[in-house]
Amino acid sequence: MGKPKAPPAPDYAAAARAQGAENIGTARTQARLNTPNTFTPYGNQTVKFGKENVDQAGFDQAMQNFQNRQGQTDEYGNPTYQGEAPNISQFTTPGDADTATITQTLDPNSQAALEAQQRIGRGLSETAEQYALPTLQGALRNRFDPSGYDVQTSLGRQMPVNYGPAMGAYGMAGSVPSGAYGQAGSVEGGAYGQAGGVDASQYGQARGVDASQYGGLRTGADMSGVAAMPVSAGMTGQQAIMNRLQPQLAQQSAATAQQLANQGITPGSEAYNNAMREQQQGQNDLLSQAALQGIGLDMSANQQGYGQAMGQAGMYNAALGQGFGQAAQARQMGNQAIAQNYGQGMSSQQLQNQAIGQNYGQGVTSRQLQNQAIGQNYGQGMSSQDQANTAMGQNYGQAGTSAGLYNQAAAQQYNQNLGAAQFGNQAQQQRLQQDLAMRNQPLNEIMGLLSGSPIQTPQFQGYAGGGNIQAAPVSQAATNQGNYNAGAYNSQMQALGGLYGGIGNVAGAAAGNKGGLKGIFNLGT
């Protein structure tokens, strides 16, 4: 069994061209099926495919020649031309076969009716131009004046509206003044004395010891008398040494410069610069040694002064501490005496506050009884005032009912006057409409002459066709064939692969069996 041969790929280009040809043919067939000839009692509609090219000039010339020859005769009176009249088809050549020409022909009766209607329309237009138009022009020359059609807006004298009884005509409803029977009150807190506390300031204020009275502790020594530390080279003792060396250094520099000049060495030369550099280095060494000596002297003096100042500050602070301790002990004894006096004052004040509270409770009970009596009198006054207000309300309602009846009569009179005014306005409107109708009549007449109803041309109903014709699916058929071939090829390849796999399994089993293929299939020797 050999390996199957792969199917060739479909020719999609050829399938597309074939599909295009099928589409064009289907479109032409569809157009012819959907455009039939129509024959009705009113006329015919015919469809012809293929646009024809007509030589109208040639046909006219041939017809003219034919008519000219028709009257010719020989010497015996016999016509000399016996030919037939030319036909338009003789001068027509075919054109595009896909172009449809639709020809509509009316029935002779319908054609005659259309021509008669056209003549009538022309006559109506001429009549409108000759007679109605001058009348309309004369009517439009006179401007329409609506000033004589005034609308009645006045309803005459009306009854005045009664707005009802005045608010205070029957008295004003009132209320009971809250103070008419006395004002409910409360007990004044200070009527029996005010509960108080103990004023601590009466027994003196407990105080502490003011440390500032004994001076402030010194946290550092007074350095004003101590020798200052050098801030920079040349301060204090160091400054004295440096000031003494300056004239000597200046004299050495001048002597070296003079010596070099005597030797003929000029400033700026290499020998001059070397000599001066050695001179300056020697001076720097001398200055550095002097500075170090001065700094050592300054530091020794500073350290001695600092030690003396610190000893003096320590003795001062010890004296301050002893004085502060004695003052604190005396202040504690004074505070204890103040606290004892304050406790005795508190006990006395508490007894006085209890007496004030008892008197206040008795005053509250008395005030409550008085307030109850005032409330009872106020309720009786409120009941009396309610009855008076009810009587006022009844009188006010009766007066309002009377005013309502009066206003109903006034409204009835108003409606009657309004109806009379509307009747007059309707009569004015009717007169205005009549005058407008007389003015518009010439315009309506000319419009009627110009708008004669023409004959209705027969309408040929379009043919819907019996259905759509689908083009042959050539392209889809080619695709389906390609898919089928590919599917068949894949199936064959899968079967071949399964066969090869089975053979491989059998071969492997045979290799592991002592009897080979005979042992697997139980074959005899």
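Helices (H or I, at least four residues) and strands (E, at least two) are DSSP runs, numbered from the N terminus. The structure is a predicted model, in which local features need pLDDT of at least 70 and side-chain atom pairs count only at pLDDT 80 or more, while totals for chains, interfaces and linings use all residues. Residues are numbered from 1 along each chain as its sequence is written, and side-chain values use heavy atoms, with hydrogens and water left out.

The protein has seven helices and five strands. From the N terminus on, their order is α-β-β-β-α-β-β-α-α-α-α-α. Of the 525 residues, 14% are buried (under 20% relative accessible area; exposed is over 50%, partly exposed in between; 1.4 Å probe, protein chains only).

Helix α3 covers residues 108-141. The expected span of a helix is 1.5 Å times one less than its number of residues. At the start of the helix, a side-chain oxygen of Asp107 lies within 3.0 Å of the backbone nitrogen of Asn109.

Side chains of opposite charge can pair when their charged atoms come close. A search of the whole structure finds one salt bridge (a side-chain nitrogen of Lys or Arg within 4 Å of a carboxyl oxygen of Asp or Glu). Its partners are Arg122 and Glu126, at 3.4 Å from N to O. These residues are four apart in helix α3, so about one helical turn separates them. Arg122 is exposed, at 60% relative accessible area. Glu126 is partly exposed, at 41%.

Tyr181 sits in the loop between α3 and α4 (236-262). Its relative accessible area is 33%, so Tyr181 counts as partly exposed. With Tyr378 and Met382, Tyr181 forms a nonpolar patch on the surface, and together they have about 240 Å² of accessible area.

Phe59 belongs to helix α2 (residues 56-70). Phe59 is buried, with a relative accessible area of 15%. Asn87 is 28 residues from Phe59 in sequence, yet their C-alpha atoms are 7.8 Å apart in space.

Definitions and conventions: Polar contact = N/O pair within 3.5 Å; in protein donor to acceptor, adjacent residues only side chain to side chain. Patch = residues over 30% accessible without salt bridge, like charges linked within 9 Å, V, L, I, M, F, W, Y side chains within 5 Å. Areas by Shrake-Rupley, 256 points an atom, 1.4 Å probe, with all protein chains shown as cover.
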